[in-house]
Amino acid sequence: MAVTGIILVLFLVAHMLGNLKVFAGASSFDHYAHWLREIGKPLLPGVWFLWIMRAALLVSVVAHIWAATTLALRARAARPVQYAHRKKIQGSYAARTMRWGGVIILLFVIYHLLDLTTGTLNPVGDPSRPYANVVADFAPSRWYVTLFYTLAVVSVGFHLRHGVFSALRSLGQQTPQGERRAKNVALAVAVLLCAGYLVVPFAVLTGLVS
Amino acid sequence: MNLTLRIWRQKGPEDKGRMVTYQVDDVSPDMSFLEMLDVLNERLILAGEEPVAFDHDCREGICGMCGLMINGNAHGPQRGTTACQLHMRQFKDGDTIDIEPWRARAFPVIKDLVVNRNAFDKIIAAGGFITAPTGSAPEAHSVPVAKGNADAAFESAACIGCGACVAACPNGSGMLFTAAKVTQLSLLPQGQPERYTRVIGMVDAHDEAGFGGCTNAGECTVVCPKGIPLNTIGRLNRDYLAATAKRGDNTPGS
């Protein structure tokens with residue numbers, strides 16, 4: 001969980017930084033998007049680097065889900081008789097919503113790929129003009145897309161709030177002082193990524209990016 | 001004070017079990033929770049009914065025998081307190097209190113509120129020991145221990161093995177108990193020879209017993225009557241990583 005999670009968080013950071021190029025203007029954003037397909041040239045032909053990244057991410061996602069499923073099945077088997085009276089949550093809210101949060105994020109990722117990678121669900125859907133795709137995607141008339149996007153990003157935030165701390169703990173974070181630090185790092189990562197991802201749709205919504 | 005109790009009654013391991021409602025009147029706020037159950041049992045016996053079976057021994061919060069899920073809280077609403085040290089002043093007149101046994105596959109119900117915690121003994125047997133010559137105790141000052149390590153080891157050693165961590169865990173994991181038992185020894189010089197075989201052995205025994213996997217949710221440390229901190233699990237994780245990375249003659253688990 002921890003290792004695959006960290007790989008995915010690193011991807012999220014890179015992806016967010018790329019997204020923020022939208023504020024640098026249409027040509028800069030489009031240029032960045034086309035550059036993604038050419039990384040590694042001339043060492044690697046064409047979009048090879050991109051496909052290697054995609055393969056690594058796919059393996060990470062599958063391994064992450066496999067580990068989570070194993071844990072969930074073990075948890076279910078470990079308590080065959082449920083409590084009649086159960087206090088809701090006494091530890092961390094984020095920790096107890098990891099599984100459903102993960103499912104929401106998975107559904108969002110599938111939608112997001114169909115929307116902005118393949119362009120199937122995008123009103124413009126032109127792979128040569130990613131800036132136009134983004135602007136059309138979060139247009140005020142398509143408020144429900146922005147809403148779903150926001151919900152998904154907030155889910156990611158909650159997922160990371162516990163996930164980053166839990167990953168550090170799994171990898172051997174062991175002192176009480178380090179625990180406070182790890183929790184602060186997790187909160188900072190969650191808030192920064194949430195903010196970084198949410199400014200793009202809201203900038204489009206308010207007309208800051210058009 | 002007058003209370004309504006809803007208590008899990010189960011005749012034996014094979015019985016399906018159900019919640020049964022009892023009325024208990026004239027409860028003193030100065031009674032402990034178990035004394036309140038004693039009063040109920042006295043009345044049940046006088047009425048010719050089967051008394052409620054529950055585990056208890058020292059009744060001063062140090063033996064780890066008692067363990068009740070009280071209104072969904074392991075050991076009741078007061079933090080850092082075992083059920084036997086919980087007093088009825090924590091409740092209000094007219095309250096309805098749900099009392100259930102620990103719920104875990106590794107802790108099968110024997111009767112009513114009594115569960116079998118042999119799984120913990122198996123975890124201990126798999127590594128909760130050190131190699132030491134028997135006979136008179138050696139001079140304590142001959143083996144120096146860093147103050148920080150001594151304090152952390154003592155903190156872990158406070159674990160009474162009651163099983164509240166398992167009862168509260170959303171995954172039914174016993175990792176806080178296992179971690180406490182691993183670290184109380186691995187932090188001290190006397191525990192070093194078996195340090196890495198211990199962690200592998202105890203985690204394997206934990207998994208074999210049918211406990212769930214830890215997801216660092218932190219519910220365990222909230223209900224722990226001895227306040228074993230969650231970072232204890234981090235110490236276990238670090239030992240486990242070090243142990244699984246080892247190769248050679250001392251390879252744990254080989």
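**Conventions.** I number residues from 1 along each chain as its sequence is written, and chains are lettered from A, with ligands numbered from 1, in the order in which they are written. Since the model is predicted, local features need pLDDT of at least 70 and side-chain atom pairs count only at pLDDT 80 or more, while totals for chains, interfaces and linings use all residues.

**Chain A, overall.** I looked up the secondary structure and found 8 helices and 0 strands in chain A. Helices (H or I, at least four residues) and strands (E, at least two) are DSSP runs, numbered from the N terminus. The C-alpha atoms of chain A fill a box of roughly 55 × 45 × 35 Å along the principal axes. I then checked burial: 26% of the 210 residues in chain A are buried. Here a residue is buried if 20 or more other C-beta atoms lie within 10 Å of its own, exposed if 12 or fewer, and partly exposed in between, with C-beta atoms placed from the backbone. Of the contacts in chain A between residues at least 6 apart in sequence, 66% join residues at least 24 apart. A contact requires C-beta atoms, placed from the backbone, within 7 Å.

**Chain A, peptide geometry.** I found a cis peptide bond between A:Lys41 and A:Pro42, with omega about 0°. A:Pro42 sits in the loop between α2 (26–36) and α3 of chain A.

**Interface of A and B.** I find 30 residues of chain A in contact with 33 residues of chain B. On the chain A side, α3 (48–78), α4 (93–96), α7 (143–170) and α8 (176–205) each supply at least two residues. The largest share, 5 residues, comes from α3(A). By class, this side of chain A has 12 nonpolar, 11 polar and 7 charged residues. The classes are: Ala, Val, Leu, Ile, Met, Phe, Trp, Tyr, Cys and Pro nonpolar; Asp, Glu, Lys and Arg charged; the others, Gly among them, polar.

**Chain B, domains.** I list domain 1 (3–111) and domain 2 (117–245) for chain B; such bounds come from an automatic or database domain assignment. The C-alpha centres of the two domains of chain B lie 28 Å apart. Their contact takes 18 residues from domain 1 and 18 residues from domain 2. The domain 1 side has 8 nonpolar, 8 polar and 2 charged residues.

**Chain B, sheet.** I traced an open sheet of 5 strands in chain B, ordered β2-β1-β5-β3-β4, with mixed pairing. Strands pair if DSSP finds at least two bridges between them. The edge strands are β2 (18–24) and β4 of chain B, each pairing on one side only. Strand β1 (residues 3–9) of chain B runs antiparallel to β2(B), and 7 bridges join them. B:Arg6 has B:Thr21 in β2(B) as its bridge partner.

**Helix α5 of chain B.** Buried residues account for 12 of the 12 in α5(B). They pack against α2 (118–125), α3 (147–157), α4 (164–168), α6 (195–208), α7 (219–223) and α8 (231–245) of chain B. I also listed the contacts of B:Leu176; leaving out residues up to four places away in sequence, they include B:Cys165, B:Cys220 and B:Ile233.

**Cores.** A nonpolar core is a set of buried Ala, Val, Leu, Ile, Met, Phe, Trp, Tyr and Cys residues joined through C-beta atoms within 7 Å. The largest has 73 residues, and those with the most contacts inside it are B:Cys165, B:Val166, B:Ala168, B:Leu176 and B:Val199. Its largest share, 7 residues, comes from α5(B). Both domains of chain B give residues to this core, so it lies between them. Apart from it I noted another core of 24 residues, among them A:Phe29, A:Tyr131, A:Val204 and A:Val209.

**Positive phi.** B:Asn71, not a glycine, has a positive phi of about 50°. B:Asn71 lies in the loop between β3 (69–70) and β4 (73–74) of chain B and is partly exposed, with 18 C-beta neighbours inside 10 Å. B:Asn216, also not a glycine, has a positive phi of about 55°. B:Asn216 lies in the loop between α6 and α7 of chain B and is buried, with 27 other C-beta atoms within 10 Å.

Methods
Two residues are in contact if their C-beta atoms, placed from the backbone, lie within 7 Å.
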